[in-house]
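This briefing is meant to be read beside the sequence and the model. It begins with the chain as a whole and then turns to selected elements and residues.

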Amino acid sequence: MITRQDVVLAISYSGETSEIVTILPLLKRLGVPLIAMTGKPASTLAQQASVHIDVSVALEACPMNLAPTSSTTVTLAMGDALAIALLESRGFTEADFALTHPGGSLGRRLLLKVGEIMNTGERIPRVGSEVTLSAALLEMSRKGLGITAIVDDDDHAIGVFTDGDLRRVLDSGVDIHHTPIEQVMTRGGRSVGADQLAAEAVNLMERHKVTVLLVLDADQRIQ
């Protein structure tokens, strides 16, 4: 199964494992590069390798110094180091990783966009800046997200009003039936774009201790 386009990475602590030593002449005939990991630099495998990586240990963790324990750990660590070095040299990105692991939690974290999971259309709580606080509260209750966006006549987001804002307003004795929402809203508010990663949105929410984000386009309109 070995072809001239391959590179062989052979692992044998003794460097004399018969199954590997047997194919060394074939590798030589094919001209295939051979990278060897052994604990014996003078072994047959080490001597015939294009590159030898020394993974020798002073003692095995086995109390009889027989069972491969420490040496297998060193070999595993060296394999991880080689994999990371190759990853960096090839410019392998998070997107590349996600494409080869799409089904797992890492893939979801690296591929899932805000636009795939956000509320849209009538499910988004929003009111105009001229409505009263009581009308804004009704919108919040209907949509059940603990927040409403405040928009201008062109649907540009100009602020938000949240459950937290409501508690502060009630403590100040504001008349909810006559006070315009524009007077008590939080201007701006935290927002993301629909094309941002959902993981980035979660990080933003955790960092600023909020439970809802506005999703806005480049013109600051609700998406």
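The model is predicted: local features need pLDDT of at least 70, side-chain atom pairs count only at pLDDT 80 or more, and totals for chains, interfaces and linings use all residues. Residues are numbered from 1 along each chain as its sequence is written, and side-chain values use heavy atoms, with hydrogens and water left out.

**Overall form**

- The protein chain has a radius of gyration of 31 Å, whereas a compact globule of 223 residues would have one near 17 Å; the radius is taken over C-alpha atoms, and the globule rule is 2.2 Å times the number of residues to the power 0.38.
- Along the principal axes, the C-alpha atoms fill a box of roughly 90 × 45 × 25 Å.
- Nine helices and nine strands form the secondary structure; these are DSSP runs numbered from the N terminus, with helices (H or I) of at least four residues and strands (E) of at least two.
- Of the contacts (heavy atoms within 4.5 Å) between residues at least 6 apart in sequence, 50% join residues at least 24 apart.

- Four strands form an open sheet in the order 4-5-6-7, with mixed pairing; two strands pair if DSSP finds at least two bridges between them.
- Strand 4 (126–128) and strand 7 (186–187) are the edges, and each has a single partner strand, so one side of each lacks a neighbour in the sheet.
- Strand 6 (residues 157–162) pairs with strand 7 in the antiparallel sense over two bridges, and Thr186 in strand 7 is the bridge partner of Val160.
- Helix 7 (residues 163–171) packs on the sheet, where it touches strand 6 and strand 7; its direction makes about 70 degrees with that of strand 6. Axes are lines fitted to C-alpha atoms, for helices over the stretch in contact, and angles run from 0 to 180 degrees between N-to-C directions.

- The buried residues of helix 6 are Leu133, Ser134, Ala136, Leu137, Glu139 and Met140; their cover includes strand 4, strand 5 (147–151), strand 6, helix 7 and helix 8.
- Leu137 of helix 6 is buried, with a relative accessible area of 17%. Beyond four places in sequence, Leu137 contacts Phe161, Leu166 and Ile176.
- The C-alpha atom of Leu137 lies 68 Å from that of Ala10, 127 residues away along the chain.
- Gly144 follows helix 6 and has a positive phi, near 65 degrees.

**Thr38**

- Thr38 belongs to strand 2 (residues 34–38) and is buried, with a relative accessible area of 0%.
- The side chains of Thr38 and His52 are joined by a polar contact of 2.6 Å. A polar contact is a pair of N or O atoms within 3.5 Å; within protein, one must be able to donate a hydrogen and the other to accept it, and residues adjacent in sequence count only if both atoms are side-chain atoms.

Key: Buried < 20%, exposed > 50% of the residue type's maximum accessible area, 1.4 Å probe, protein only.
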